[in-house]
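Student: I have a model open and want to go through it piece by piece. Can we start with what counts as buried?

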Amino acid sequence: MNKKQKLVLIFVAAFISFSLIIWLAYGSEIFTKTQVLVEQKDELFGWTEKKWIDKFIWGLDLSAAISGISILIGAILFFMFRTKKIRKE
């Protein structure tokens with residue numbers, strides 16, 4: 001394994017780790033969400049109503065997609081950066 005291949009492996013591992021850290025920071029949800037159901041209480045009348053609020057929540061499915069794509073690109077680059085040995089006959 002040469003320097004370029006090691007660098008590709010480091011970048012792929014860092015990219016996957018960064019994706020999983022973001023997933024943990026957003027609350028470890030399984031599925032990605034774009035809206036969240038929130039209950040709002042009316043102070044005057046005392047009843048509650050439910051509203052959908054636009055909020056992006058990073059899911060494990062998004063992290064898995066990013067990880068898969070980065071592994072695929074990393075494998076292609078790892079193969080392309082290999083050292084080619086020439087046989088002498």
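Tutor: Buried means under 20% relative accessible area, and exposed means over 50%. Keep in mind that this is a predicted model.

Student: Ok, take Ser19. Buried or exposed?

Tutor: Ser19 has a relative accessible area of 3%, so Ser19 is buried.

Student: Where is Ser19, and what does Ser19 touch?

Tutor: Ser19 sits in helix H1. Leaving out residues up to four places away in sequence, Ser19 touches Trp58, Ser63 and Ile66.

Student: Which other residues of H1 are buried?

Tutor: Besides Ser19, the buried residues of H1 are Gln5, Val8, Val12, Ile16, Ile22 and Trp23.

Student: Why would residues spaced like that point the same way?

Tutor: An α-helix has 3.6 residues a turn, so residues three or four places apart point the same way.

Student: And what do the buried residues of H1 pack against?

Tutor: They pack against helix H2, residues 60-80.

Student: How many residues does H1 have, and how far does H1 reach?

Tutor: H1 covers residues 3-25, which is 23 residues. From first C-alpha to last, H1 reaches 33 Å, close to the expected 33 Å.

Student: What happens at the start of H1?

Tutor: A side-chain oxygen of Asn2 comes within 3.4 Å of the backbone nitrogen of Lys4.

Student: And what follows H1?

Tutor: Gly27 follows, with a positive phi near 110 degrees. In the loop between H1 and E1 there is also Ser28. Phi of Ser28 is positive too, near 55 degrees, in a residue other than glycine.

Student: Why point that out?

Tutor: Most residues other than glycine have a negative phi.

Student: Switching to the strands. In what sense do E1 and E2 pair?

Tutor: Strand E1 (residues 33-41) and strand E2 (residues 48-57) pair in the antiparallel sense, over eight bridges. Gln40, for instance, stands opposite Glu49 in E2.

Student: How many residues lie between the strands in that hairpin?

Tutor: Six, and in this hairpin Gly46 has a positive phi near 85 degrees.

Student: Last topic, confidence. What is the average pLDDT?

Tutor: The protein averages 92, and 99% of the residues score at least 70.

Student: Where is confidence lowest, and where highest?

Tutor: Confidence is lowest in E1, with a mean of 92, and highest in H2, at 96.

Conventions:
Residues numbered from 1 in each chain as written. Predicted model: local features only at pLDDT ≥ 70, side-chain atom pairs only at ≥ 80, totals over all residues. Heavy atoms only, no water. Helix = DSSP H or I, 4+ residues; strand = E, 2+ residues; numbered from the N terminus. Expected span 1.5 Å × (residues − 1). Buried < 20%, exposed > 50% of the residue type's maximum accessible area, 1.4 Å probe, protein only. Contact = heavy atoms within 4.5 Å. Polar contact = N/O pair within 3.5 Å; in protein donor to acceptor, adjacent residues only side chain to side chain. Pairing = 2+ DSSP bridges. pLDDT = per-residue confidence, 0-100.
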